Amino acid sequence: MNVSALEEYGLRCAVSLASLKPDETLSAPEIAEKEGLSVEYVSKFMLYLKKAGLVTTIRGVNGGFALSKPAAEISLKEVFEAFGGKHRVSDEEFCNAFAGKADSCVHTSGCSIRPFWKILSLYIEAFTSEMSLQDLLRPEAETLAKTEIIALKNIQSMKNQLGKPLS
């Protein structure tokens, strides 16, 4: 699986905003300095986040960017979707995108690969839906513990949905 640079750096910028106290803002140059990115790149990320309704812009001398709602209410899924992250890879559109020379995938019926992509997609969607920007503000060990809990819960949930073991 590849996470695009847009998604990785955009997530880092969103986490920078999540670390702010209420009524604080960060300007694009401040975020760029904090994250080691160019101002132009950060401005692009902020535009994506603003279009998705996750960021607001405050004008004026003390202006800048801030999250539009509390970090605990913004899922990682929302952030990835703001940058075009489409992690559902089991639908017909995905299959036909890799049809080779044919108009549609030659494995549309009886595909042994599609279940793999379906489970992986469902897992990623469930996992990113449960993790919030607030979760990424924790120390690394606490974040790891939270991700392990979510991962185990989602594996168990998928086992229950499928009615058979996932091993």
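**Figure 1. Sequence separation of contacts and overall make-up of the predicted chain.** Of the contacts in the chain with a separation of 6 or more, 62% are between residues 24 or more positions apart, a contact being heavy atoms within 4.5 Å. The model is predicted: local features need pLDDT of at least 70 and side-chain atom pairs count only at pLDDT 80 or more, while totals for chains, interfaces and linings use all residues. Residues are numbered from 1 along each chain as its sequence is written, and side-chain values use heavy atoms, with hydrogens and water left out. The chain has seven helices and two strands, in the order α-α-α-β-β-α-α-α-α from the N terminus. Helices (H or I, at least four residues) and strands (E, at least two) are DSSP runs numbered from the N terminus. Of the 167 residues, 35% are buried; buried means under 20% relative accessible area, exposed over 50%, and partly exposed in between (1.4 Å probe, protein chains only).

**Figure 2. Packing of helix α2 against helix α3.** Helix α2 (residues 28–35) and helix α3 (residues 39–51) have axes 8 Å apart, at an angle of about 110°. Axes are lines fitted to C-alpha atoms, for helices over the stretch in contact, and angles run from 0 to 180 degrees between N-to-C directions. The two helices are therefore roughly perpendicular to each other; that term covers 65 to 115 degrees, with angles under 35 counted as roughly parallel, over 145 as roughly antiparallel and the rest as oblique. Ala28, Pro29, Ile31 and Ala32 of α2 meet Val39, Val42, Ser43 and Met46 of α3. By class, this contact has seven nonpolar, one polar and no charged residues. Ala, Val, Leu, Ile, Met, Phe, Trp, Tyr, Cys and Pro count as nonpolar, Asp, Glu, Lys and Arg as charged, and the others, Gly among them, as polar.

**Figure 3. Packing of helix α1 against helix α3.** The axes of α1 (residues 5–18) and α3 cross at roughly 80° and come within 10 Å. These helices are therefore roughly perpendicular to each other. From α1, Ala5, Leu6, Tyr9, Gly10, Cys13, Ala14 and Leu17 meet Tyr41, Val42, Lys44, Phe45, Met46, Tyr48 and Leu49 of α3. The residues of this contact divide into twelve nonpolar, one polar and one charged.

Figure 4. Ser4 is in the segment before α1 and is partly exposed, with a relative accessible area of 31%. Ser4 and Gly84 are 80 residues apart in sequence, with 9.8 Å between their C-alpha atoms. Asp23 lies in the loop between α1 and α2. Although not a glycine, Asp23 has a positive phi of about 70°. Asp23 is exposed, at 84% relative accessible area.

Figure 5. Thr128 belongs to helix α6 (residues 114–130) and is buried, with a relative accessible area of 10%. A polar atom of the Thr128 side chain lies 2.9 Å from the backbone oxygen of Ile124. Leaving aside neighbours within four places in sequence, Thr128 is in contact with Ser75, Leu76, Lys77 and Phe80.

Figure 6. Thr147 is found in helix α7 (residues 140–162). A polar atom of the Thr147 side chain is 2.7 Å from the backbone oxygen of Leu144. Not counting residues up to four places away in sequence, Thr147 touches Phe127 and Met131. Thr147 and Phe127 are 20 residues apart along the chain, and their C-alpha atoms are separated by 8.2 Å.

Key
A polar contact is a pair of N or O atoms within 3.5 Å; within protein, one must be able to donate a hydrogen and the other to accept it, and residues adjacent in sequence count only if both atoms are side-chain atoms.
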